[in-house]
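Reader: I have a chain loaded and would like to go through it with you. Can we start with the surface and then work inwards?

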Amino acid sequence: MKNDIIIPKSSLDFLLELKANNNKVWFDTNKTKYLNELNHIETFAGALLQELSKTDVIETASGKKSVYRIYRDIRFSKDKTPFKTFWGGSYTRATSERRGGYYYHLEKGNSFVAGGFWGPNAADLKRIRSEFAHDPAPMQKILHSESFINTFGTLQGEQLKTAPKGFDINHEAIDLLRFKQFLIIKRFTDKEVLSPLFLEQVLETLKNMRPFFDYMSEILTTDINGSSIL
């Protein structure tokens, strides 16, 4: 693991300056500074991808390609500020056998890495709920494991206030059945983000997502009888 790959303080400080001057004139004037900080983020993302690829198969071609564009899509937004005020990016797991994706978000006072299923389609959501209703024990075992609790705390995501259609409000797994999103998140302090150990800590966090990803992938690539649908 390379401890010389770090997020410099200047990369977070730039975001604060951008937040205070979120307009094209300021950004164009400071474009060189932006590109310099972007290079730090891309270098970090590339090193993380290299290490992550040793334990998982990733579709994302490079660290550079994983980083989201700084420009906001303001076409349908009431907020017309043109630039994002965080560094963010994601890695997509490769092939239809591996479901889920990894996400990183770097911002002073609000840095985290996350993974999971942000917007499962209706068919996937139905399949997940059917599995949880049939046998919630495997997922409950993952969520109650020491490594999951110590890393992520609890499963997160938008939930229904009542039971989903077709499911009993008194079902033993109603707490799982209510989820519409399935997200796991670990937050980091600014001190941790700027530490030479941050790359290693993020990698360890992503590795700890694997039991969750592997089981969700198993659900989404099989039918209720466990037969492959691929």
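Reader: How much accessible surface does the protein chain have, and what share belongs to carbon and sulfur atoms?
Author: The accessible surface of the protein chain comes to about 12500 Å², and carbon and sulfur atoms hold 52% of that. Areas here follow the Shrake-Rupley method with a 1.4 Å probe, and for residues only the protein chains shown count as cover. This is a predicted model, in which local features need pLDDT of at least 70 and side-chain atom pairs count only at pLDDT 80 or more, while totals for chains, interfaces and linings use all residues. Residues are numbered from 1 along each chain as its sequence is written, and side-chain values use heavy atoms, with hydrogens and water left out.

Reader: What percentage of the residues is buried?
Author: Of the 230 residues in the protein chain, 43% are buried, where buried means under 20% relative accessible area with a 1.4 Å probe, protein chains only.

Reader: And how many helices and strands are there?
Author: The protein chain has eleven helices and four strands; these are DSSP runs numbered from the N terminus, with helices (H or I) of at least four residues and strands (E) of at least two.

Reader: Why is S2 largely enclosed?
Author: Five of the six residues of S2 are buried, so the rest of the structure largely encloses this strand.

Reader: Which way do its partners run, S1 and S3?
Author: Strand S1 (residues 87-92) runs antiparallel to S2 and is joined to it by six bridges, and S3 also pairs with S2 in the antiparallel sense, over five bridges. Two strands count as paired if DSSP finds at least two bridges between them.

Reader: Which residues is Glu107 in contact with, then?
Author: Apart from neighbours within four places in sequence, Glu107 is in contact (heavy atoms within 4.5 Å) with Leu12, Leu15, Thr85, Phe86 and Asp190.

Key
Buried means under 20% relative accessible area, exposed over 50%, partly exposed in between (1.4 Å probe, protein chains only).
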